[in-house]
Amino acid sequence: MSGSAAALARRPESWRQDAFVAVATVAAGVFGYAFSLVLSRSLGPSGFGELSALLAVVVLAGVPGVALQAGIARGIAARPDRDDAPRVLRQSSVVALAVGALLLITSPLLKAALDVRSWTSLLLLCAIMVPTTVTYGCLGVLQGRRRFVALGSLLVLVQLAKLAGGLIAVVTGTGITGALLGTAVLTIVVAIGAAIALLPRRPALRVRFARRDLTGVRGVFARDAVAMLGVLLLTNLDLVLARHYLPSHQAGLYAAGNLVTKVAFWGPSFVSTVSYPRLARAEERAAALRRGALVLGAFAGLTAVGALVCAPLLPVVVGTAYRSVEPLVWLFAVEGAALAAVLLGVYAGVAVNDRRLAALVWVVAFGEAAAVALRWHASMQQVLGVVLCGSAMLVFAAAWRYRSVLVPLSP
């Protein structure tokens, strides 16, 4: 047994590590949304709507990285005796370059669809996604090894880099371009540091790309990317649709409300992160799914109540120009909580190569896009209503799919 396998065998599942990931995930979310908050005032609703649409593209472009992380974590959790860090980092580099190239190719389409005013912003978007995708590979290694303290620390560092880029832009008055440039540079630093920390301490280490690296990348896309893309598409689809169909001022208002959705979605995402390696093991699967559903249910209740109570604070935080969003805050929060539950269901399916719920996510995503495009796009309320209906259907489908596991939660 190798050192990593022996360490894994000696180390019991610790609630302290889970708690650290929970705190780190929340902290990372706070730093990530602080990036948007510090820019919301200086950019105004119109400029903030453009930035939010670009950030939605970042999330969607991160899907290959998320899929890579899931595949890496599952493989390492199944065979902890193998030291796959060099191969994993090579695969991550391949995926990162492919994502950057694809964004570059599609940048004219993105500029037209999202009404982006600067080509520089789109080029910087490509530059951000290359190191970001590499960090997903590093996160996969840490998740598979159950090194949750290191995983949480890396999550925080990635978001701190983003926040620092935003603060630099505010101080220098460079707007969207400055924020994206600062984020790109600092994310590169974090990615390089994480990769170096994971590489084995061997002299004269040579990095060579082999054909099996490309084969592994294709396998990751075939297994996981489509499933992950569906969930992340849902978390950002309404923002992109609002940017495209609503007037720029209303789209900016919707983007402010969508911040609440993202907080409610990413805040409890640690549940899926710590559950995933356990969901891949038959003996731990049922307990992990029940425990995850219980925690998410508690978070959903707290989120809804907190949104109702704290709604008047939104204009204080993001600016008085966004005051008209206040009555909708609790609905944005419910949408995020519902999507967090859908994420756990999709992870549970991916862990055992069951793609039925993931396929339904795609069906709902296309249905939402069609409903907004064909009819319900006259106001923020209509767009939000469409996505709430879609998320409610998916939560019901996930509960029905795993009803035999979740029954013990019932009295």
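**Exercise 1. Is Cys-310 buried, partly exposed or exposed, by its relative accessibility?**

Solution. This is a predicted model, in which local features need pLDDT of at least 70 and side-chain atom pairs count only at pLDDT 80 or more, while totals for chains, interfaces and linings use all residues. Residues are numbered from 1 along each chain as its sequence is written, and side-chain values use heavy atoms, with hydrogens and water left out.

Step 1. Set the classes: buried is under 20% relative accessible area, exposed is over 50%, and partly exposed lies in between (1.4 Å probe, protein chains only).
Step 2. Cys-310 has 41% relative accessibility, so this residue counts as partly exposed.
Step 3. Apply the classes to Cys-389: its relative accessible area is 52%, so Cys-389 is exposed.
Step 4. Count disulfides, taken as pairs of cysteine sulfur atoms within 2.5 Å. The structure holds zero.

**Exercise 2. Compare the span of helix H15 with its expected value, and list its buried residues.**

Solution. 
Step 1. The expected span is 1.5 Å times one less than the number of residues.
Step 2. H15 covers residues 380-401, 22 residues, and reaches 32 Å from its first C-alpha to its last, close to the expected 32 Å.
Step 3. The buried residues of H15 include Met-380, Val-383, Leu-384, Val-387, Ser-391, Leu-394 and Ala-398.
Step 4. An α-helix has 3.6 residues a turn, so residues three or four places apart point the same way.

**Exercise 3. For Val-88, Thr-187 and Phe-265, give the helix, the burial and the contacts.**

Solution. Neighbours within four places in sequence are left aside in each contact list.
Step 1. Val-88 lies in helix H4 (residues 85-114) and is buried at 1% relative accessible area. Its contacts are Ile-72, Gly-137 and Val-141. The C-alpha atoms of Val-88 and Val-141, 53 residues apart along the chain, are separated by 7.8 Å.
Step 2. Thr-187 lies in helix H7 (residues 175-198) and is buried at 4%. Its contacts are Ile-128, Pro-131, Thr-132 and Ala-161.
Step 3. Phe-265 lies in helix H9 (residues 248-266) and is buried at 1%. Phe-265 touches Val-231, Leu-232, Thr-235, Gly-336, Leu-339, Ala-340 and Leu-343. Between the C-alpha atoms of Phe-265 and Thr-303, 38 residues apart along the chain, the separation is 9.9 Å.

**Exercise 4. Which residues make the nonpolar surface patch of about 470 Å², and which helix gives the most to it?**

Solution. 
Step 1. Patches are made of residues with over 30% relative accessible area and no salt bridge; like charges are joined within 9 Å, nonpolar side chains (Val, Leu, Ile, Met, Phe, Trp, Tyr) within 5 Å. A salt bridge is a side-chain nitrogen of Lys or Arg within 4 Å of a carboxyl oxygen of Asp or Glu.
Step 2. The patch is made by Val-305, Leu-308, Val-309, Trp-330 and Val-334. Helix H11 (282-310) and helix H13 (329-350) are the elements that give two or more residues.
Step 3. H11 gives the most, with three residues.
Step 4. Val-334 sits in H13 and is partly exposed, with a relative accessible area of 31%.

Notes: Helices (H or I, at least four residues) and strands (E, at least two) are DSSP runs, numbered from the N terminus. Contact means heavy atoms within 4.5 Å. Accessible areas come from the Shrake-Rupley method with a 1.4 Å probe; for residues, only the protein chains shown count as cover.
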